[in-house]
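Student: Could you take me through this structure by question and answer? I have not seen it before.

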Amino acid sequence: MYGYMGKLLRVNLSTGEIKVEPLKEELAKSFIGGRGLATKLLYDEIDPTVDPFSPENKLIFATGPLTGTTAPTGGRYMAVTKSPLTGYIAASNSGGFFGAELKFAGYDMLIVEGKADHPVYISIKDEDVEIKDASHLWGKRVGETTDKLLEEFGDKKAQVACIGPAGENLVRFASIMNNKHRAAGRSGVGAVMGSKNLKAVVVRGSKKVELADKEKFMSVVKEKIDKIKKNPITGGGLPKYGTAVLVNIINENGLYPTNNFQTGVFKYAYEQSGEALVSKYLVRTQPCFACPISCGRVSYHPAVGVTEGPEYESIWALGATCGINDLASIVIANHLCDEFGLDTISTGGTLAAAMELYERGIIKQEELGDAPPLRFGNSEVLHYYIEKIAKREGFGDKLAEGGYRLAESYGHPEYSMSVKKQELPAYDPRGAEGHGVEYATSNRGGCHVRGYMISPEILGVPQKLDPHDISEEKVKWVKLFQDLTAVIDSSGMCLFTSFALGADDYADLLNAATGFDFSTDEWLKNGERIWNLERLFNIKAGLDPAKEDTLPKRLLEEPMPEGPHKGHVVRLGELLPKYYKVRGWDEKGYPTEEKLKELNLL
């Protein structure tokens with residue numbers, strides 16, 4: 001099997017059994033790899049109603065056929081499991097070098113089952129796989145854990161994916177961290193890892209990925225890299241300013257969520273922009289494996305030393321949505337989130353919900369004791385509560401449940417800006433209604449990287465769409481972006497390449513690597529199959545589309561108060577039926593028997 005190693009590594013932490021299984025080619029052809037293939041295995045192997053923290057849940061580290069190749073950005077992996085935050089499918093993507101190394105060790109996937117009776121880590125050196133004691137690492141932060149494991153492993157070129165104290169303490173939005181600062185960040189995948197008493201996976205490999213046509217593949221790769229480097233976003237803005245190049249763009253377009261989405265304009269945005277980050281804290285750029293874009297930031301602040309980031313989403317989540325404009329505080333808070341293993345988006349979104357509840361008099365200072373007041377703009381809140389959340393200490397224990405459960409516990413879930421209990425990211429959909437449909441229908445809850453409609457609605461890539469058009473044509477774009485993203489996530493490439501590349505380009509790369517020779521439409525059909533299988537998993541897990549394919553009340557009923565989109569709400573009630581129709585689902589949002597047969601899912 002070209003592009004694949006042809007092997008799945010299965011480790012049962014309850015029994016200690018370790019076995020290697022063949023990858024079935026027919027599954028690879030239908031679900032590609034990465035997100036798609038892992039979703040198929042999870043769907044087939046667990047009961048979707050299982051408690052996410054039970055030993056019966058599984059955690060899958062999944063690479064794609066382009067992971068570990070020279071395909072531009074071909075270093076991605078997915079962490080797939082049932083989410084403790086949403087109760088639905090979790091598929092969290094990370095870069096760095098871990099995914100490629102897992103492939104080099106000879107495995108397309110690592111499937112973790114059961115639960116160890118004490119803290120452990122999994123050591124992988126090609127065929128030599130062991131479950132080792134990690135009691136001495138439990139409670140350690142991500143940086144120290146990584147350093148100690150590399151020392152024990154005896155090879156500094158090994159790659160480590162681990163959890164911090166947040167994962168150990170089952171914080172519902174804990175992340176899995178690799179290369180210290182790269183995160184499989186969303187949906188609480190780190191908490192599932194912690195529930196299994198699995199502190200880390202360390203891997204070193206010596207193999208190469210075999211390609212169907214090496215000469216053709218290299219020619220295709222060169223062509224795609226040229227496209228990426230000539231594109232003004234992937235060849236200009238992202239390398240120069242990182243993802244935070246978006247801060248000023250999104251704010252000027254009036255959809256930079258501020259004070260828990262109470263408005264879409266933050267008057268201090270420039271002070272926390274990519275331009276400001278470069279001028280104040282940037283040391284150098286940091287590319288992931290095989291990446292020609294190099295959007296990663298290596299930064300320095302005297303309080304934390306050399307660190308990485310913060311990215312656009314983290315700057316916003318630890319900044320504007322909490323009303324905080326101090327970039328220094330944001331850099332420090334981002335570092336703390338990495339060290340404790342916390343998703344920055346959910347951390348900031350949860351704190352913003354708490355701030356609004358506090359300012360409305362729903363959370364009382366007496367309940368917080370000597371802790372800093374939960375007021376918008378109070379940067380003390382960041383540094384105080386990040387550690388409290390990770391350790392579930394004091395009020396941090398409530399915050400560790402996420403913004404939705406926090407607000408619901410006070411009888412006001414409407415102040416949680418979340419979808420399916422996952423906190424929304426850094427774009428107010430009142431300024432991009434197609435993006436609002438993506439939020440409402442995303443299979444992993446509030447998420448921008450399941451169908452990034454900001455690209456056409458705001459950035460004009462691949463073409464400019466009216467952000468307030470609510471025609472059937474708009475939801476066709478949503479479906480296309482969702483299906484294509486499923487292909488990209490399953491291939492092992494980074495979504496950022498889609499600013500420069502189109503569906504035909506991904507088909508070229510996948511065909512040259514695998515030799516499958518599928519048409520672009522056939523690859524997109526695989527993406528549609530993956531999207532529908534995720535939907536089926538969620539429905540079996542208890543999803544009620546009528547109640548959960550929605551947005552926070554504020555975004556549906558409260559008009560944007562200022563900026564270019566003043567007066568707008570998301571007209572989801574008009575868009576959603578059109579989306580269901582384009583998807584081939586019934587009017588209630590369930591995939592029809594006809595659609596499932598078309599996709600070979602029945």
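Student: Is Lys-420 buried or exposed?

Tutor: This is a predicted model, in which local features need pLDDT of at least 70 and side-chain atom pairs count only at pLDDT 80 or more, while totals for chains, interfaces and linings use all residues. Residues are numbered from 1 along each chain as its sequence is written, and side-chain values use heavy atoms, with hydrogens and water left out. Buried means under 20% relative accessible area, exposed over 50%, and partly exposed in between, with a 1.4 Å probe and protein chains only. Because its relative accessible area is 7%, Lys-420 is buried.

Student: Where is Lys-420 placed?

Tutor: Strands are DSSP runs of E with at least two residues, helices are runs of H or I with at least four, and both are numbered from the N terminus. Lys-420 is in the loop between strand 16 (418-419) and strand 17 (422-423).

Student: What is the phi of Lys-420?

Tutor: Most residues other than glycine have a negative phi. Lys-420 is a residue other than glycine with a positive value, near 55°.

Student: What is the relative accessible area of Phe-261?

Tutor: Phe-261 also belongs to a loop, the one between helix 9 (246-252) and helix 10 (274-280). Its phi is positive, near 65°, in a residue other than glycine. Phe-261 is buried because its relative accessible area is 2%.

Student: Where is Pro-310 placed?

Tutor: The peptide bond from Gly-309 to Pro-310 is cis, with omega near 0°. Pro-310 is in the loop between strand 15 (305-308) and helix 11 (312-317).

Student: At what angle do helix 20 and helix 25 pack?

Tutor: Axes are lines fitted to C-alpha atoms, for helices over the stretch in contact, and angles run from 0 to 180 degrees between N-to-C directions. Helix 20 (residues 472-491) and helix 25 (residues 572-583) have their axes 9 Å apart, and the angle is about 55°.

Student: Which word describes how helix 20 stands to helix 25?

Tutor: Angles under 35 degrees count as roughly parallel, over 145 as roughly antiparallel, 65 to 115 as roughly perpendicular and the rest as oblique. With an angle of about 55°, helix 20 is therefore oblique to helix 25.

Student: Which residues of helix 25 meet helix 20?

Tutor: Contact means heavy atoms within 4.5 Å. From helix 20 come Glu-472, Val-475, Lys-476, Val-478, Lys-479, Gln-482 and Asp-483. In helix 25 they meet Leu-575, Lys-578, Tyr-579, Lys-581, Val-582 and Arg-583.

Student: In what order do the six strands of the open sheet stand?

Tutor: Two strands pair if DSSP finds at least two bridges between them. The pairing in this open sheet is mixed, and the order is 2-1-6-3-4-5.

Student: Why is one side of strand 2 and of strand 5 left without a neighbour in the sheet?

Tutor: Strand 2 (18-22) and strand 5 each have a single partner strand, so one side of each has no neighbour in the sheet. The reason is that both stand at the edges.

Student: How many bridges join strand 4 to strand 5?

Tutor: Strand 4 (residues 77-82) and strand 5 (residues 89-94) run antiparallel. Val-80 stands opposite Ala-91 in strand 5. Their hairpin has six residues between the strands, and Gly-87 there takes a positive phi near 85°. The bridges number six.

Student: How many residues of strand 4 are buried?

Tutor: On one side of strand 4 the buried residues are Tyr-77, Ala-79 and Thr-81, and on the other they are Met-78, Val-80 and Lys-82. Both faces are thus covered, and the count is six of six.

Student: Which residue of strand 4 stands opposite Thr-63?

Tutor: Strand 3 (residues 59-63) runs antiparallel to strand 4, with four bridges joining them. Opposite Thr-63 stands Tyr-77.

Student: Which residue in strand 6 stands opposite Ala-62?

Tutor: Strand 3 also pairs with strand 6 (residues 109-113), in the antiparallel sense over four bridges. The residue opposite Ala-62 is Met-109.
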